[in-house]
Amino acid sequence: MAVAARKAGRVATGTANKSTSTKSSARGAALNTPQFDKNQDLSAYNDMLLIRRFEEKSGQMYGMGLIGGFCHLYIGQEAVVVGMQMATIEGDQLITGYRDHGHMLACGMDAKGVMAELTGRRGGLSKGKGGSMHMFSKEKHFYGGHGIVGAQVSLGTGIAFANHYRENGNVCLTYFGDGAANQGQVYESFNMAQLWKLPVVYVIENNRYAMGTSVSRASAQTDFSKRGVSFGIPGEQVDGMDVRAVYAAGQRAIEHARSGKGPYILEMQTYRYRGHSMSDPAKYRTKDEVARMREEHDPIEQVRRRLLETWKLSEDELKAIDSRVREIVNEAAEFATHDPEPDPSELYTDILL
C-alpha cells in the first residue's frame, strides 16, 4: 500500500507550493492546500487506515497481556508518515523514535512481522528480541525505532552523512517529537548537517504533549519550525492532520535536501488520541479536547469525506476497504499469537563485540 502511495504521482502545484502549511488554529482552512487525484486519496486512505486498525489491535492485545514492555500508539498522527512517504523515492531512508509502528507500515514492512515483534515471536522483524521500540529493515531502508529520546536525530544525521559521502542522491527522513526537540544532541546535529549540507529532513511530530507536559510549559520557543534559525536551516509549520499538506511540504523539503542545499525542518502540527504510552491515562488534557480533535481534524475522516463527496465512492466501497484492512490486521494478530517464541540460543546471536 505504501509503495502504491509513493507511485501515485505528483499533485498539481501551481500556487499550492507557495503555502501549504497552516497554524494549528486554522487547520483545514488553508486555501492553498494542494488537491489529490482519486488514486492518491485512495492510497492515502488505505495506508492511514492500515496504521489506525493495526494500532487499535495493538492496544487491544496489550490490554490482553499479549504484548509486554512499552507500547506507544500512533493513532491520530497517521497523515504525517503517510504523506512524507508519498514524497520519497526508492533509496530514501527513514529513522524515528519509539512511536514507530506507523512508520514501519508506511514504508512497506510486513504487518505480520511487525505484530510478531510486538509479541516477541521468532517471526518478528527483529527475531522477537526488539519489541515495540526496536525494529529495523535494511530492505525497506528503515533504521529504527529508538528508545532513547532524541538519539535518532544524531543517527539520522549520520545516515545523511553517509549519503553525502557516497554521493548516492538519497535523503534521510529523521523523525522526532516536540519533547525530543529540546535535547542537546539535536542542535549538535543541526549544526553538523548545515555545515556539511547533509541531505536530511528533520520531521518534528509536534503532538503537543511530549510525555505528558504541554509544549507551552516545556518549550520557550513553541514554533519548532524556527529551531534551526541560528544555523541557517529553513523550516515551516505544516498541518500534520492533512495528508495533502504533508505531502506537498515533504516534496519541497526533500527536494531542498536532495539538491545539495542541506537540511530542512518540518514541524508537523499533529495530535495523538491516546496517551504517551499504553500506561499513560493522559489526565493532563480533557476528554472534550480529544473528542474535538477527532471530530474536526481526524486525518482519515478528511480523506473519507473526499472519497464520498468528490470521488463519489459509495459507503459499501469504503466498507470493503475497511474489511480488507481489518483482514490484514487480524491475520497479523493471528500469526503473532501462534508463531513460536525465539529459541534461547538467539540470546547469543546478532551481538557486536
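Author: Let's begin with cysteine 107, which is buried at a relative accessible area of 4% (buried is under 20%, exposed over 50% and partly exposed in between, with a 1.4 Å probe and protein chains only). Please keep in mind that this is a predicted model, in which local features need pLDDT of at least 70, side-chain atom pairs count only at pLDDT 80 or more, and totals for chains, interfaces and linings use all residues. Residues are numbered from 1 along each chain as its sequence is written, and side-chain values use heavy atoms, with hydrogens and water left out.

A disulfide here is a pair of cysteine sulfur atoms within 2.5 Å, and the count comes to zero disulfides. Cysteine 71 is in none, the nearest cysteine sulfur being that of cysteine 107, 18 Å away. Cysteine 71 is buried too, with a relative accessible area of 1%. For cysteine 107, the nearest cysteine sulfur is that of cysteine 172, 12 Å away, and cysteine 107 is likewise in no disulfide.

Cysteine 172 takes us to the sheet. Helices (H or I, at least four residues) and strands (E, at least two) are DSSP runs numbered from the N terminus. Two strands pair if DSSP finds at least two bridges between them. The sheet is open, with five strands in the order E1-E2-E3-E5-E4 and parallel pairing. E1 (93–95) and E4 (235–239) are the edge strands; each has a single partner strand, so one side of each has no neighbour in the sheet. On average, neighbouring strands are turned by 20° against each other, direction ignored.

E2 covers residues 172–177 and runs parallel to E1, joined by three bridges. Glutamine 93 faces cysteine 172 in E2, and leucine 94 stands opposite leucine 173 of E2. E2 is mostly covered, with five of its six residues buried. E2 also pairs with E3 in the parallel sense, over six bridges. Here leucine 173 has valine 201 of E3 as its bridge partner. From E2 the chain passes through H7 to E3 in a right-handed β-α-β crossover, meaning that, with the strands pointing away from the viewer, the path from the first strand over the helix to the second runs clockwise.

Now for the helices on this sheet. Axes are lines fitted to C-alpha atoms, for helices over the stretch in contact, and angles run from 0 to 180 degrees between N-to-C directions; contact means heavy atoms within 4.5 Å. H7 (residues 184–195) lies across E2, E3 (200–206) and E5 (264–269), at about 150° to E3. H9 (residues 243–258) packs on the sheet as well, touching E2, E3, E4 and E5, and its direction makes about 160° with that of E4.

Glutamate 167 counts as exposed, at 70% relative accessibility.

Finally, a word on confidence: pLDDT is the predictor's confidence in each residue, from 0 to 100. The chain has a mean pLDDT of 92, and 91% of its residues reach 70 or more. Over residues 1–31, however, pLDDT stays under 50. Where pLDDT is low, the predicted coordinates should not be read in detail.
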